Amino acid sequence: MSKTNSNEKFKSKIGGQALIEGIMMLGPTTGAMACRLPDGTIDLETWEENNGKKAPWYKKTPIVRGCVNFFLSMKKGYKYMMKSAEKQMTEEELAEEENSSAFFNICMTIGMVLGIVLALFLFMWLPKFLVGIIKPLTVNRIVRSASEGIVKIVIFVAYMALTSLMKDIRRQFEYHGAEHKTIACHEAELPLTVENIRKQSRFHKRCGTSFIFIVLIVSIFVMCLVPFTETLKRVITSIILLPFIVGISYEFIRLAGNHDNAFTRILSAPGLAMQRITTREPDDSQIEVAITAMKPCIPQDKEEDKW
């Protein structure tokens with residue numbers, strides 16, 4: 001495994017997300033979305049954020065902040081993913097969309113609901129159902145929880161590996177790499193140039209991929225405490241406990257991001273390994289988009305930017 005951000009001089013609060021031919025960055029006071037348009041130019045949108053010292057209590061309270069930040073990031077990520085898709089449309093396609101905007105919104109809502117249902121099926125129901133078929137694994141709740149966790153991890157890795165074979169997803173993973181490398185360059189306190197960013201690692205401990213892996217691992221330990229082994233009861237319980245699991249996992253990702261020791265390296269290792277699939281080396285044009293998205297998010301007061 002390559003060293004992660006070995007030139008890091010401080011840890012930034014700025015995080016990001018790869019979009020369709022673009023990148024979204026979220027800073028302490030400003031958010032930005034930069035997209036490469038079909039004509040080759042870069043479109044930039046910015047907006048106000050409240051992730052700094054004056055953030056509301058629910059963004060700063062342990063456990064609670066993890067649940068809230070996860071929900072808000074999902075909501076915001078979906079919103080700007082759709083906006084980035086719209087920016088790739090021709091004028092004719094946009095005109096057609098405006099004429100049938102109600103139908104388009106319904107389709108997007110249905111798509112989002114189906115995505116949530118698919119996630120619940122793959123990571124909540126399917127692992128428990130498959131383990132439930134093998135009776136020796138269901139006798140002990142600890143053995144069952146560990147088995148379910150292993151199945152979830154296998155499904156997650158297989159899903160990401162298969163989707164990475166798609167051309168559009170691979171492009172998105174390249175933008176993901178550009179996002180990480182740009183943040184690493186900022187944390188190394190180097191000028192944000194294509195040359196400097198190209199040299200940085202595309203792996204980052206505070207990545208969403210690492211967060212998902214920590215969620216999967218934490219869920220194993222939490223489900224070991226559930227006193228029953230029936231499949232349906234465990235599915236319902238895991239859904240009820242999901243906010244708690246997400247909250248704990250967020251605290252672990254903060255711990256891994258703030259410290260470098262044997263425990264945090266072990267905690268981060270699976271997510272960093274997974275980033276070999278979910279990030280790819282970007283080209284210079286993708287790095288330019290990342291720089292455009294990053295610059296408006298850097299606050300003038302460096303203290304506001306410290307993780």
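**Exercise 1.** Find which helix gives the most to the nonpolar patch, and classify phenylalanine 129 as buried, partly exposed or exposed.

*Solution.* Helix α3 (residues 101-133) gives the most, with six residues; helices here are DSSP runs of H or I, at least four residues. The model is predicted, so local features need pLDDT of at least 70 and side-chain atom pairs pLDDT 80 or more, while totals for chains, interfaces and linings use all residues. Residues are numbered from 1 along each chain as its sequence is written, and side-chain values use heavy atoms, without hydrogens and water.

The patch covers about 720 Å², and among its members are Trp125, Phe129 and Tyr159. Patch residues have over 30% relative accessible area and no salt bridge, with nonpolar side chains joined within 5 Å. Phenylalanine 129 is in helix α3. Its relative accessibility is 35%, so phenylalanine 129 is partly exposed (buried is under 20%, exposed over 50%, partly exposed in between, with a 1.4 Å probe and protein chains only).

**Exercise 2.** State which element gives the most to the largest nonpolar core, and list the contacts of methionine 294 beyond four places in sequence.

*Solution.* The largest core has 20 residues, including Met25, Leu192 and Met294; core residues are buried and nonpolar, joined through side-chain atoms within 4.5 Å. α10 gives the most to this core, with six residues. Methionine 294 is in contact (heavy atoms within 4.5 Å) with Ile14, Met25, Thr182, Ile183, His186 and Leu192.

**Exercise 3.** Decide whether lysine 205 is buried or exposed.

*Solution.* Lysine 205 is in the loop between α6 and α7 (208-223). Its relative accessible area is 17%, so lysine 205 is buried. A polar atom of its side chain lies 3.0 Å from the backbone oxygen of alanine 256.

Key:
Patch = residues over 30% accessible without salt bridge, like charges linked within 9 Å, V, L, I, M, F, W, Y side chains within 5 Å. Areas by Shrake-Rupley, 256 points an atom, 1.4 Å probe, with all protein chains shown as cover. Salt bridge = Lys/Arg side-chain N within 4 Å of Asp/Glu carboxyl O. Helix = DSSP H or I, 4+ residues; strand = E, 2+ residues; numbered from the N terminus. Polar contact = N/O pair within 3.5 Å; in protein donor to acceptor, adjacent residues only side chain to side chain.
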